[in-house]
Amino acid sequence: MTAPLLDLALARRIELAEAHAAVNCAKAAEQLAPGPAAAVEPIAGGFAIYCGANSPVTQAVGLGLNGAVSDEDFHRLQEFYRSRNETVRVETCPLADASLIRHFGEHHYRVTEFTNVMALPLNGSGPSHRAAEDRPPGVTIQRIGEGEIDLWTLTVSQGFSEHFPVTQEMLGIMRMFALPSNVECYLARVDGAVAGGATLALREGVAGLFGASTLPAFRNRGIQTALLRERLARAAAENCDLAVCLAQPGSTSQRNILRHGFSALYTRVKFERAWS
């Protein structure tokens, strides 16, 4: 399948879908623990999000894609996190305005992470969307029902925690990801036994695929592929025209995603500044 052509409009669409997913997580965090912990502020065309100290959602996304980032914008970004005694972390698209990169240099930010944004055009056809027909024997995929969120949260957390124990903090983070109204959570079972789970976020034609993990006892049995195909089929049914997921460059996750027709569209760079 032909890779999408990257331009500013497409980059803005993808980054804002990601940003709004984070904003929804912040709103969910307020539901889970009412109080002053979660906060969101629109800045420079994107959002600064705070969901607690060192949360993976506590960062800014989508900045600089609507034009120049002013000194005032950058000051508000820094103050948003400094007032909470939190490191400034900014996921930065390579198509962001050059003024944003200039601010990073002038204020002594450092690069701490690279993430590939992987994309797949959806047209409702093709082998990637034949979800049920291609599942391994005994494998079923279902969207979680009422009362299953705890099971989903524990399953996905355990899939990510092969070498360390599941913590209450991790369970809280996964629950926060699952709560927004535009998010769908799926469980995979093998012969009735829970084997893994994954998440799908739908926003304005963009399907975000994230939060997929398999329990160690069920790995190498096609669970991840089945979860991926189920979510792609669901996204196509909802008239999404683009599926997006994230992967570390050169990782096993990236190799697996590429095998299913995704392309590496661009590489995000995370810039950080800690307060001494």
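The following is a dialogue about a predicted model of one chain.

Visitor: How many helices and strands does the chain have?

Guide: The secondary structure comes to seven helices and 11 strands.

Visitor: What makes the chain count as compact as a globular protein of that length?

Guide: The radius of gyration of the chain is 19 Å, and the globule rule gives 19 Å for 276 residues; the two values are close, so the chain is as compact as a globular protein of that length. Along its principal axes the C-alpha trace spans about 60 × 40 × 30 Å.

Visitor: Which share of the residues counts as buried?

Guide: Of the 276 residues, 51% count as buried. As for contacts with a separation of 6 or more, residues 24 or more positions apart account for 71% of them.

Visitor: Why is the pair Glu-79 and Arg-82 called a salt bridge?

Guide: A salt bridge needs a side-chain nitrogen of Lys or Arg within 4 Å of a carboxyl oxygen of Asp or Glu. For Glu-79 and Arg-82 the N to O distance is 3.5 Å, so the pair meets the definition. Both residues lie in helix α2 (residues 71–82), three residues apart, about one turn of the helix.

Visitor: Why is Glu-79 called partly exposed?

Guide: Buried means under 20% relative accessible area and exposed means over 50%, with partly exposed in between. Glu-79 has 34%, so it counts as partly exposed. Arg-82, at 37%, is partly exposed by that reasoning too.

Visitor: How do you know that Lys-270 and Glu-91 form a salt bridge, and what parts does the pair tie together?

Guide: Their N to O distance is 3.6 Å, and the cut-off is 4 Å, so they qualify. Lys-270 lies in strand β11 (residues 263–273) and Glu-91 in strand β4 (residues 88–92), so the pair ties together parts that are 179 residues apart in sequence. Both Lys-270 and Glu-91 are buried.

Visitor: What makes Arg-135 and Glu-230 a salt bridge?

Guide: The N to O distance between their side chains is 2.4 Å, which is within 4 Å, so the name applies. Arg-135 lies in the loop between β5 (110–121) and β6 (139–143), while Glu-230 lies in helix α6 (residues 223–237), so this pair ties together parts that are 95 residues apart in sequence.

Visitor: Why is Glu-230 called buried?

Guide: Its relative accessible area is 17%, and buried means under 20%, so Glu-230 counts as buried.

Visitor: How many salt bridges are found in the whole structure?

Guide: A search finds 18. Arg-143, Glu-184, Arg-234 and Glu-238 are linked in a network of salt bridges.

How values were computed. Residues numbered from 1 in each chain as written. Predicted model: local features only at pLDDT ≥ 70, side-chain atom pairs only at ≥ 80, totals over all residues. Heavy atoms only, no water. Helix = DSSP H or I, 4+ residues; strand = E, 2+ residues; numbered from the N terminus. Rg over C-alpha atoms; globule rule 2.2 N^0.38 Å. Buried < 20%, exposed > 50% of the residue type's maximum accessible area, 1.4 Å probe, protein only. Contact = heavy atoms within 4.5 Å.
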